[in-house]
Amino acid sequence: MTGAASASFTADDYKARMERAARQAADAGLAGLLVAPGPDLVWLTGYTPTAVTERLTLLVLAPGRDPVLVVPTLEAPDAERALGVSALTLRDWTDGKDPYAATAALLDADGRFGVSDNAWAMHLLGLQRTLPGTSYASLTEALPMLRAVKDAAELELLAAAGAAADAAFEEMRRVAFAGRRESDVAADLAGLLRRFGHSQVDFTIVASGPNGANPHHEVGDRVIERGDMVVLDFGGLRDGYGSDTSRTVHVGEPTDEERRVHDLVREAQEAGFRAVRPGAACQEVDRAARAVIADAGYGEYFIHRTGHGIGVTTHEPPYMIEGEEQPLVPGMCFSVEPGVYLPGRFGVRIEDIVTVTEDGGRRLNNTAREMVIVD
């Protein structure tokens, strides 16, 4: 299996990605990139190993050289079926041989390399023992924007994932909440995501009442009551690309304060969205959303960044946070998700995925942001 999204891309797409990655590595002063199984390898080659084991699989990208994918011999037939393999050399190794020696022959013995974040420590240490003059940096540190700018096909897949998440929320508005456990409602939500085309559900946060004050609440057995505010945050992968959206609903009629806080978060989310434009720094999105909440006296209760990138994973660079001066570029996709969390009482979060356009931003989630009343 080479990844559900692979049918949307051609061998030329993967070739162009590998070439671009090698150029960016050179621009960053790196001797090359070492990419282990995971989202970077899927994005660059279309290849997903059927199982990630202790056997070394590694894509080697170096400026001025053809890409090489080092794989165990028993996995070579699967690798050969990946769309991107036509643009690289496949080098297999058999059990009993030293895969690090085979890989070392492809590397500058004194080079500094970018390494995918999820590479196994045992493999990196094996390369270091074989080539003690080499040094390494994580790809998030060395090339944080490697996958950040999406092409037209990727944007189409992200929009479809967002639309599927929206469809799931529209169905959730009709689901009974009162008298049911959070875990039961979360199961409904996961089932709807799969019904609308998600192959992978990464998270279904259902945080009711005081649990809503914890942004990453783990779904539990709390029984949802009438009068509860309920934060719903859910997403996963559809055709290899991510969805992530949040809406906060109320079981029965809310109090004036609950409405006021919900309206405040909606205004902050709108301010963050309106700050999206090419050339603006990521931190400007965070500042715009945060200022609305701080000016209303709730600044200390907005306790996380305003957003994160999304693509073949549901969390990736860039990040919308103070201090991030990376300029926004058309094709970038990220969440805008301010929140207010009142300990022991309730929380509110509203989240859309947004893509940068030539003259601003476009939302990939379009369900109601106003207060939704559920039963």
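Q: What counts as a contact in this predicted model?
A: Two residues are in contact when heavy atoms lie within 4.5 Å. In the protein chain, 67% of the contacts with a separation of 6 or more join residues 24 or more positions apart.

Q: What makes a residue count as buried, and what share of the 375 residues does so?
A: Buried means under 20% relative accessible area.

Q: What makes the set around Leu 33, Leu 44, Leu 59 and Leu 69 a nonpolar core?
A: A nonpolar core consists of buried residues of listed types, Leu included, joined through side-chain atoms within 4.5 Å. The largest such set has 34 residues, and those four have the most contacts inside it. Among the elements that each supply at least two residues are helix H1 (11-27), strand S2 (58-61) and helix H7 (152-172). H1 gives the most, with 4 residues.

Q: Which residues beyond four places in sequence is Leu 59 in contact with?
A: They include Met 18, Leu 33, Leu 44, Leu 69 and Leu 88.

Q: Which residues belong to another core, apart from the largest one?
A: That core has 22 residues, including Ala 165, Val 185, Leu 189 and Val 201.

Definitions and conventions
Residues are numbered from 1 along each chain as its sequence is written. This is a predicted model: local features need pLDDT of at least 70, side-chain atom pairs count only at pLDDT 80 or more; totals for chains, interfaces and linings use all residues. Side-chain values use heavy atoms; hydrogens and water are left out. Buried means under 20% relative accessible area, exposed over 50%, partly exposed in between (1.4 Å probe, protein chains only).
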